[in-house]
Amino acid sequence: MYRDAPHPIRLEDYRPPEFLIDRVDLRFDLDPDLTRVAADLHMRRNPAATRGDGSLTLHGEQLELDRVSIDGYPLTPAEYRVDAESLTLQRVPDRFLLQTWVHIHPARNTALEGLYQSGEMLCTQCEAEGFRRITYFLDRPDVMARYGVTLAADRGRFPVLLSNGNPGEPRDLGDGRHEVHWEDPFPKPCYLFALIAGDLGLVADHFTTASGREVGLRIYVEPHNLDQCDHAMRSLKRAMRWDEERFGREYDLDLFMIVAVSHFNMGAMENKGLNVFNDKYVLARPDIATDQDFAGIEGVIAHEYFHNWTGNRITCRDWFQLSLKEGFTVYRDQEFSAAMGSSAVKRIHDVRGLRAHQFAEDAGPLAHPVRPTAYIEINNFYTSTVYEKGAEVVRMQANLLGPALFRKATDLYFTRYDGQAVTTDDFVTCMEVASGRDLTQFRRWYEQAGTPELWVQGDYDPAQGSYRLRVRQHTPATPGQPQKGPLHLPLAVGLLDAGGQELPLRLSDDPVVAGADAARVGTRVLEVRAAVEQFRFVGLPERPVPSLLRGFSAPVKLRFDYSDQDLEFLMARDTDGFARWDAAQTLMQRVLLRTVAQPQIQVPGAFFAACRLALLDTESAPALRAEVLILPGESYLADQMAVVDVDGIHAAREHLRRRIGEELGEDLRRVYAAQAETGPYAFTPEGTGRRALKGLALGYLMAGGGQDAITLCNDQFSAAHSMTDVMVALRLLVDHGGPAGAAALVEFYRRWSAVPLVIDKWFSIQATSSRADTLEQVVHLMDHPDFSLRNPNRVRSLIGAFCTANPVRFHAADGSGYRFLAERVLELDPLNPQIASRLLKSLIRWRRFDPQRQGLMRAELGRILAAEALSKDAYEVASKALEGT
Ligand code: B3K
Ligand code: ZN
């Protein structure tokens, strides 16, 4: 049991730092077994802070302190105190040079936080609080300093030595070692510090900024991966150009570097001038990466690059403000990807993700506001709420202000706060100042957890020719927040006539202007503020069909009593691509949940007709047609039920897939054939869409059970036109089972055993198979020579995939999935608490299941909580999950 329950850190306790650090000089003598770190900190009292007791406490964990001195005078042990988390100096002057000498052990660092070894290289990850595992420091984002860094290491093992900023000339140290000095002219918080040492190859390019400065671009990878960097480089250059055009942001250093490493806890990290990436988000080639991988790389490269302004130049005052940089940067990368491809399809992907992950988080025991007010372990708060809901909150402000004022507001934000550590409140203030609007009520979006529900009713009055929309909002209670206030939100609506034409959107209180109606056709953004609001549209000769929440203008659950016919109509006729998809989702969800409730029920013919129409709708881009026909996922369906019926949902979804395959068989075959590849692979919106539609068609054909489908799958697998096609075929063959599936797995492994990122896919495919013996296979695969608990990508590809993407097997009624997960969490927690705690989140929504599963899940959570020396990370998740029991 956790003997001393760790204390939460609270937003209300924020105080400015008592000391500031103006300049840092670091010297590293690098060696995986023992690295020496010498730090010179030029410190002074913060005039803006209240004076404490005269002592100075620095953060430091897992450091071995050799020496400490102030202004050149060594301190005796009586003059300082060291514990597991800090170094305290009893008395310090107002301005002084603090020097420390510590040593650390990168090769023993399995948590991958601080300085660690990945394969043959050394690398760092400091956000959020990893810098304190490198040297004693004021490890908080509102302490911003200039850095000079000298790296010394064995030249043979570590020919490349990188840090933030600009390099000086390398120096030979004579004894087989060399050193390089780096200077970063921009003050930064220590979480943006990075170093890399290794034997790396490099792809170089350059970029001329809008104002004519030359920037060197370098992507460093292990030499055998040099042929997999083109897409990342192209994405980087596009992102740099786009940020200039869209946000007026230019890059500021002479050099921008990206390094790909194969052991990384998350996607990537925006260290100043030296982004460190999980290699999954750098390396791509058509034969080894899917369209989704290509898109992921484009988005993550852009995201980290965009952080240079939203995160690095302007950073967070404290970690409660994390969404200041993450929400805004996600919004920026979403907009960038939309501009590079189809904006409707990008929006669909993002909303699907938001509903699947963020809505679920908001409805569970870890629900928290975009700006949380307390945490035990900050690493647990890199969540979908902070990132994706945070991006929605920025998007709503952009929608409320319109493009011109939003740009004016972001320009103001960049000039006003450049070089500072600020808050989400400061961001909203810029929106207010630039637009002259009052966003007091809007700020609630940062403070209130939970997904608002919007109940909308429409009444047509034929005598008046008017249509009234009544909007009622309600946000359900979340842990610690029983009462919620109404939110200010943009509700984008359109009205369609029976022929699918947009109607003018004239509100009863609009001023009457001749000819104005023509300009009011299309989408109109209504502003909802009160708990109940009414909007009356006039001048409507017939009953309209409302198209609501177009483009997902606010992150809410919309409830409107559409008939099936309305949904079929919107699915076919809405002029907004996103809204067509959303209508299809609602309709499919209905059909599926009806089947869960009554497995014998017949799916109406009109449903298949609507699907056929969408499939054959050649007016729409293939990518959109594919999206419209993807059934809602099992976990999302589960979220719609009062008590989750795990097996019922799986069966209903499989049944509907089969029925669609049977009903649409001939059309699916034609559509499949029509998307055949005509040239070499290219990551273009057109190509991606074509492959998505082809994959969708093949999936339904397999579900329909036609013998020829297996042949098509086998052919697609062997033709190996691209990894996208191969993966679709492999998944279908494995789920189908039998000798074809087994043979494909063997062949796939044989072909790709030398490429770790592809082997991750091989593990995932097996872990997410719906076949009954999947858990057995997963357990067996843990003994595979390629599996390792020390590589996060491997853990995610096997254990993570099983627990998050295979609901029917993970939630097996006998509790075997839960037990498996708990054992892995307990095994991983001492090695890598961040990864353990992420996995553990699969168990927290136990209240949603039947009593038997509830009991089984709770028992595993209890077992974890009872473990000796549990990390703060896992403690926080498990204890919150069990709160109130
Ligand atoms: N800022 C990093 C995430 C750091 C996570 C620390 N546990 C990557 C990103 O959001 O860009
Ligand atoms: Zn980020």
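Biologist: Is His303 buried or exposed?
Modeller: His303 is buried, at 8% relative accessible area; buried means under 20%, exposed over 50% and partly exposed in between, with a 1.4 Å probe and protein chains only. This is a predicted model, where local features need pLDDT of at least 70, side-chain atom pairs count only at pLDDT 80 or more, and totals for chains, interfaces and linings use all residues. Side-chain values use heavy atoms, without hydrogens and water, residues are numbered from 1 along each chain as its sequence is written, and chains are lettered from A and ligands numbered from 1 in the order written.

Biologist: And Glu326, buried or exposed?
Modeller: Glu326 counts as buried, with 1% relative accessibility.

Biologist: Which residues coordinate the zinc ion (ligand 2)?
Modeller: His303 (NE2), His307 (NE2) and Glu326 (OE) do, at 1.9 to 2.1 Å. Donors are N, O and S atoms within 2.8 Å of the metal (3.2 Å for Na, K and Ca), and water is not among the atoms, so sites may look incomplete.

Biologist: How are the donors spaced in sequence?
Modeller: The pattern is H-x3-H-x18-E. His303 lies in helix H2 (residues 291-306) and Glu326 in helix H3 (residues 322-340), so the pair ties together parts 23 residues apart in sequence. Helices (H or I, at least four residues) and strands (E, at least two) are DSSP runs, numbered from the N terminus.

Biologist: Different topic. What does UniProt list for residues 232-445?
Modeller: An unreviewed UniProt entry lists "domain: Peptidase M1 membrane alanine aminopeptidase" there; UniProt positions are in the numbering used here, feature names are shortened, and annotations may be inferred rather than shown by experiment. Over residues 232-445 the chain is 55% helix and 9% strand.
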